[in-house]
Amino acid sequence: MKSLGSFRRKFAPWNDPEAKPYISFENVTKKFGDFTAVDDLSLTIYNREFFALLGASGCGKSTLLRMLAGFEEPTSGRILLDGQDLRGIPPYKRPVNMMFQSYALFPHMTVEGNIAFGLRQDGMPKNEIEARVAEMLKLVKLEQFAKRKPHQLSGGQRQRVALARCVAKRPKVLLLDEPLGALDKKLREETQFELMDLQMKLGLTFVVVTHDQEEAMTMADRIAVMDKGKVKQVATPAEVYEAPNSKFVADFIGNVNMFEGTVSTVVPGKVDINVPADKITIRTDATRDCSAGQPVGFAIRPEKIRLSRKEPADTSINAAHGELYDIAYFGDMTVFHVRLESGRIIKAASLNAVRTVDNPLGYDDMVWVNFDTDAGILLTA
Amino acid sequence: MQKLIASVVSRLVISVPYLWMLIFFLIPFIIVFKISLSQVTMAIPPYTPTIDIWAGWQGFINSISQFSWDNYVFLGSDPLYVKAYISSVIIAGISTFLTLLVGYPIAYGMARAPATVRSTLLMLVILPFWTSFLIRVYAWIGILKPEGLLNQFLIWANVIDTPLNILNTNTAVLIGIVYSYLPFLVLPIYSTLEKMDYSLVEAAEDLGCPPITAFWKITFPLSLPGVVAGCFLVFIPAVGEFVIPDLLGGSETLMIGKTLWNEFSANRDWPLSSAVAVVLLALLVVPIVLFQRSEAKAQESEK
């Protein structure tokens, strides 16, 4: 079988049955009154991993992070860090440090004072503190801002001070709550790579909470997609994108065309799905077990759909005819919305690999969409 | 035309506080200051010279020439007044400190209370203002007197055998001031604490601070503006306080407000009591202005 389109470094302790998890959530439940924020959740994170908790607001991802930091205690279940049960250990005794969404920089202290705060708390000798602070300032490139107060810094500089402050203590685990949320787009992209470099350089375990899927995909080794206090899927960014395990994940991550139908025939290696609503038949690789008559879903990403004026050779499967309804030009790519006879809109994206095109597609053109049998994902959940 | 009206209106609106200060502070102050430079006589009004606007310019000059600093010289030479000023400042200082000890935890508790009960707590702090200040101070007589509620309770609880003698001592004055001025201290501290971002405290704990250390290193320094404002609101009126030392204090209680009242009503010495008031104002205003200057400078340098 072909492998997924991943180009990552070879770091995959989660595939190694011998590897010991560094952080484990074991059947953790957290209730606030009647509201269940985290629901019987189990999760393992490995040493030196860059792990992202991804989900919409209110899905329980921040609560999970706060439980790891010690600001909340689980209602039931337990959290282990390096084999140690964290229950009852207050935040100030945990070997983890958190970067707050608001940065929570102490406004009455200078940049230096902020970075040195945790070190002073540990009773580190003065000259060592000075050396460490200088090292941290260099790491985040803020040497000339040491004497400034937080309100005299820009958003990006504040973010870096917050980062330096929680890295200074050399924690075992760094928790980041929406670390890039307050930055503008350009700065966010730069900072993503800085964070990744930093994590590699320091060899720390990072747990990042984010609602921004691009951010999670770019930075993380693995992503946990969360919904209503539960983990829907834990996988590498490529797996989450190319092989989502459920309609929720397929829909949540990226753009997708989702079809609902029933299995008509199962031939070895292939499955045919009838989609009566749009009068099309889909043939796809049998990546999941299913039987004839079973209702299933089929998800296909816009960039995996071909668009042409010419009628494809075989129009009986994986093909549909429709009118070009909307064109969204993004520069690097264009997303076409094709309206089928049923009224259904199919999104197809194409890369603008060349600068000039003869006879480009335009509004109201009649076009064919088609795709290969390995282009989409069969979903039974 | 419309523009002109608008600018006149806006100037009027801006001038309201200045007019207020002029009419209700500056002019009365000038009158008091003028009286403080006069001499006491048996007349109505009981001082001389009086300025007779019908006497013309020469009359005015004549009146001015009779002004003297005698009253101020007298204040400085009589140890009674010096002592009264010092004692007032000490009593006000101690009671401000005690009010802070009582008020800060209250403000802190209110700011950390669930948002739903906060407005109720705020109401409870303001509620005593709905009863007359005088009645509330009188009520303390009933509580503190030898056969009062406090002594009855302590004897019943077997803490003491003989009643404590609290009423008509400086202790009673301190209790009265702390009680009366508590809201003035609680409210400004509450408002700074309530505005504070709680994640700062969490960040401090995350970086290794036990909660108490986090309080002293983060919460308290950040609430200082409220603490300073609250302390001034207690200290300034407490220095000149008259009702509380008069009702709860005894012969040992020497406060400038009481002295002023004695000079004014019992001795009918308006010029001297005016001088007492002017000196009191100067004593209070000078340090406040200096303090505000340094605050403004500190803020300026931060920018």
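This is a predicted model: local features need pLDDT of at least 70, side-chain atom pairs count only at pLDDT 80 or more; totals for chains, interfaces and linings use all residues.
1. Where does Arg94(A) sit in chain A? Arg94(A) belongs to the loop that runs between strand E5 (84-85) and strand E6 (96-99) of chain A.

2. Is Arg94(A) buried or exposed? Arg94(A) counts as buried because 22 C-beta neighbours lie inside 10 Å, and the cut-off for buried is 20 or more. Look also at Val173(A): this residue is 79 residues from Arg94(A) along the chain, yet the two C-alpha atoms are separated by 9.6 Å.

3. Now for the contact between the chains. Here 15 residues of chain B are in contact with 17 residues of chain A. On the chain B side, helix H9 (199-206) and helix H10 (211-239) each supply at least two of the touching residues. H9(B) gives the most, with six residues. By class, the side of chain B that touches chain A has eight nonpolar, five charged and two polar residues.

4. Do take a look at helix H4 of chain B too, which covers residues 79-112. H4(B) has 34 residues and reaches 49 Å from its first C-alpha to its last, close to the 50 Å expected at 1.5 Å a residue.

5. Where does H4(B) bend, and by how much? The bend is at Gly103(B) and comes to about 30°.

Technical notes: Residues are numbered from 1 along each chain as its sequence is written. Chains are lettered from A and ligands numbered from 1 in the order in which they are written. Helices (H or I, at least four residues) and strands (E, at least two) are DSSP runs, numbered from the N terminus. The expected span of a helix is 1.5 Å times one less than its number of residues. The bend at a residue is the angle between axes fitted to the seven residues ending there and the seven starting there. A residue is buried if 20 or more other C-beta atoms lie within 10 Å of its own, exposed if 12 or fewer, and partly exposed in between; C-beta atoms are placed from the backbone. Two residues are in contact if their C-beta atoms, placed from the backbone, lie within 7 Å. Ala, Val, Leu, Ile, Met, Phe, Trp, Tyr, Cys and Pro count as nonpolar, Asp, Glu, Lys and Arg as charged, and the others, Gly among them, as polar.
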